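Subject: Structure for you to look at

Hello,

Here is the structure you were expecting, with the sequence alongside. My notes on it follow below.

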Amino acid sequence: MHELLEHYNYWIVVILMMMGLYIVIASSNLVKKLIGLSVFQVSVFILYITFGKVTEGSPPIITDNTDVYSNPLPHVLILTAIVVGVATTSVGLALIVRIQEAYGSIDEDEIHDMDDKDDFHIEKQV
Amino acid sequence: MDLMMHLPVLIVVVPLLAGALIVLLNHRKGAWLITLLTSIFLVYASVQLIQMVGQVDVISYTLGGWKAPLGIELRIDALSALMVLILAASALLVSIYALKSVEKEIPEQNHVLFYTALLLVIAGLIGISITADAFNIFVFLEISSLSTYALISMGRDRRALHASYHYLIMGTIGATFILIGIGFMYVMTGTLNIEDLAQRLPAVADTNAIRAAFAFITIGVGIKAAMMPLHQWLPNAYAYSPSVVSTFLAATATKVAVYVLIRFVLSLYGIEFSLVQMPFDNLLMILGTIGILGGSVYAIYQSNVKRMLAYSSVAQIGYILLAIGLASQPGFTAALLHMFNHALIKGTLFMALGLVFFRFASTELSVMSGMGKTMPLTMAAFTIGGLSLIGVPGTAGFVSKWYLVIALLDASLWPLALLVLVASILTLIYIGRVIEVAYFRPVPEGRTRQKVPLTMMVALWIFALSNIYFGLDTEISQGMASLAVNQLIGVTP
Amino acid sequence: MIENLQLLIDVSLLAFLVLIVFASIKMTDLFVVTMLFGIFSFVSALLFLDLDAVDVAFTEAAVGAGFTTVLMLSALRLTQPYENVKHRHSVLALFIVILTGAALFYGIADFPDMGDPNAPVHQHVAPEYIQLTQQKIDIPNVVTAVLASFRGYDTFGETVVIFSAGVAVLLLLGMGQVKCKQEPEENLVLWVVVKPMIALILIFGLYVQFHGDFGAGGGFQAGVIFASGFILYSLVFGEMYARRVVPAAILPRLAALGVLIYGVTGLMSLLSNKPFLDYNALSSDPVSGQHLGILLVEAGVGLAVFSTILLIYYSFSGREVKHHA
């Protein structure tokens, strides 16, 4: 049982990544795509944190109780990655708001059709 | 304090803090001035760094005083120095150009933040080019990307918004793939420093994880480099962004992505693993060739000249990838040379188009009718850039094409060498379309020759003339490229 | 015993995550999907906690479940809350995803077992970090030590990332205005409960900022939490009053100041001809130097993050719903 569970985390993480990526590519709604992207990113974070874990370890805050700590480096990397993720999501949402105002829609296919019909003289509403 | 010693970190920190300073001061003209001064400093620094690299081979800078792999290390070898030069020079010329171009194309209330974003992109790209830590590459990649999304979206056409969003999605997927790759490598080796990884990798090279890591990183970087078929974000992003932005991006952004590819493939994985064990050399050649042909053919069919040039950029990246795929010294030299020369070519072409947009608020082919007479200086510069793109002898473009053909013949790949010549003819066709409309079509009613801003013209002509200069005197460009290649191939295990 | 409990929680949480994402694929009401994402983020935070990543859990909860959800809801207010079901590109997506998934499964096949203390990741740099933190930096939270000192350059980059997001959102949406006529809707329960909550949140934010060396926490978490206090205030008492307390115009400058604090702290060591961000040069005693350096840069981070998060929120909440002509 324990052997099976050793890689369980990794398997689930891969499934989550796949689902997140699926949402990004399959959805035509811009907001949902962005949510899928976030799910994809968080799954990668879980991957990193999983391989930072040490069995019978404790959080990497030095106390007198223990000598075994989980690995601090993945934590540091993922802290940075989370910030990068929220930054990207914010910019993405801001773009979506502007797109809604300019196109009247946040559906990729509808926007694509409108782009094709656009003359070069259309100015977006600022 | 020895300024020279700290140049490696200053070329990143100065533009970053300058960007923050601009926001603090919130002054329009001041923002431009700070940008200009920062660019001047960057050019000065890049020249100094090139000289230093010429003497010591590699400059290493230990951030925080903690030796790698505990801390983050900056490493500047000839390749990095070359990248910094391209970035700094492009930044300077674009800064000069921007004074009037930004005034015309961007709403006044956004000027200050525009220059901030521009400085952040510059700093991000430089940061990528000089770091020796794999995760650090990811961080600076996102710094430059985020600001790029904002800058692209400032184009006047609403399609700029959609193009930016599309780039955001694809770019973030690419960055996340790179993150996955770095993670896999870290799991198997326990380090993030490129040199350290290069030493530890051979022991674990024969594992699934490392092979998968390689795949994820190359695909992630491929998206950023607009390697076909992952190039779809580029044409619209370049076509609809403001002139300053498309000029700077076309000259630099994809090249930095290719730099990352080279760094991972050669410095980290080593030529033995990447191009012999994994069939990456063939893959690069195939994708490069598809890029060359696809990009050039698509370019011919565009009526928006900016979009035409964007597809042309996809083709040019194809040349560079093909050259890398040859996995030979002449091949790598040709690739690096073209990275340098192409910046000059596209810089010229996009700046010329920016001047067209300045006057006519459009870059459609039809608008350029008779422009040989109404904007003679602009068209002349465009023509020089165009000839360089085609690869006419005497221009920088010819030099890189020449080296590429020699490299192909050296590998006995006659059909591909022929293909490169065919592609030049395709280039001739789409550039020819523009020249034909400009010089051989009548001037529309009522149009006369008008003045355009001096600053924009000066920047444009510096780019244009450098095409000729580096076409005739290749000592600097070819010298640096050769030095870089020797370091890259000599360094790998 | 504890190990088995940890494992059980780990297994359950992961399964739960899969269910949540699966549900969000199926849902077309974007409001529901946003809330599902908030739950996803929160459960991930719990998972991080179970995997000993306390700082990460903290940040994910504050940033993901907290701020991102609020932002998405603000965005939905300005756009449309429903997905058009007709447009799904399932076949292509499935193909790409299966390909990627295959590569991923292939890659993880020879991963070391989870938690194995002999895995390469735990050999090389990790024990050195733990040891050196005790010797050279002398603070309990190793993550803060690595973040702010060993890999301080990355964190500087991270601060710039959040700053550039603020710049980008400002360029796209501007600061927004508030029609000053709008009085908030009176809601007695909310008003009574929220006021002390906000006070607690702000104090907690300050606590997290200054105790990041000793426990979980640091500049990022503190900045987000502190901003959340003001966002809560804005949500309950109205945009107008919030903007009187913290005017929108100072926020970009505060964010820039945060970045400058970080950068200038790093540059200080250049005066002693030591590398950028070498805190040993900040004081006669290297350990005190480290403490000072970490304090300053975390302050810079906290300031930058607080200002940027609040300013992004203002940009969204202050935007009028525009109807496409």
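Asp138(C) sits in the loop that joins helix 5 (126-137) to helix 6 (142-150) of chain C. Phi of Asp138(C) is near 60 degrees, a positive value in a residue that is not glycine. Asp138(C) counts as partly exposed because 15 C-beta neighbours lie inside 10 Å, which falls between the limits of 12 or fewer for exposed and 20 or more for buried. Please keep in mind throughout that this is a predicted model.

Ala361(B), which is not a glycine, has a positive phi of about 55 degrees. Ala361(B) is in the loop between helix 13 (329-360) and helix 14 (371-374) of chain B. With 14 C-beta neighbours inside 10 Å, Ala361(B) is partly exposed.

Next, the cis peptide bonds. In chain B, the bond from Ala68(B) to Pro69(B) is cis, and its omega is near 0 degrees. Pro69(B) belongs to the loop between strand 1 (59-62) and strand 2 (73-76) of chain B. The bond from Met228(B) to Pro229(B) is also cis, with omega near -5 degrees. Here the proline, Pro229(B), is in the loop between helix 8 (208-224) and helix 9 (233-240) of chain B.

Helix 9 of chain B also packs against helix 6 (residues 159-189) of chain B, at an angle of about 140 degrees and with the axes 8 Å apart. How are these two helices of chain B, helix 6 and helix 9, oriented to each other? They are oblique, because an angle has to be over 145 degrees to count as roughly antiparallel. The crossing of helix 6 and helix 9 of chain B is left-handed. On the helix 6 side, the contact is made by Arg159(B), Ala160(B), Ala163(B), Ser164(B), His166(B), Tyr167(B) and Met170(B) of chain B. Helix 9 of chain B brings Trp233(B), Asn236(B), Ala237(B) and Tyr240(B) to the contact. By class, the residues of this contact between helix 6 and helix 9 of chain B are seven nonpolar, three polar and one charged.

One more residue in chain B: Ala198(B) is part of helix 7 (residues 194-204) of chain B. Ala198(B) has 19 other C-beta atoms within 10 Å and is therefore partly exposed, since buried requires 20 or more. Ala198(B) and Ala98(B) are 100 residues apart along the chain, and their C-alpha atoms are separated by 41 Å.

Now the contacts between chains. Between chain A and chain C, 75 residues of chain A are in contact with 88 residues of chain C. On the chain A side, helix 1 (2-6), helix 2 (8-26), helix 3 (30-50), helix 4 (72-103) and helix 5 (108-117) each supply at least two residues. Helix 4 of chain A gives the most to this side, with 23 residues. The chain A residues that touch chain C divide into 45 nonpolar, 21 polar and nine charged.

Chain C also meets chain B: 48 residues of chain C are in contact with 51 residues of chain B. Helix 4 (90-108), helix 6, helix 7 (152-173) and helix 11 (250-271) of chain C each give at least two residues to the chain C side. Helix 7 of chain C gives the most, with 15 residues. The side of chain C that touches chain B has 30 nonpolar, ten polar and eight charged residues.

Regards

Key:
Residues numbered from 1 in each chain as written. Chains lettered and ligands numbered in written order. Predicted model: local features only at pLDDT ≥ 70, side-chain atom pairs only at ≥ 80, totals over all residues. Helix = DSSP H or I, 4+ residues; strand = E, 2+ residues; numbered from the N terminus. Contact = placed C-beta atoms within 7 Å. Nonpolar A, V, L, I, M, F, W, Y, C, P; charged D, E, K, R; others polar. Axes fitted to C-alpha atoms, helices over the stretch in contact; angles between N-to-C directions. Parallel < 35°, antiparallel > 145°, perpendicular 65-115°, else oblique. Left-handed = near helix turned anticlockwise from the far one by under 90°.
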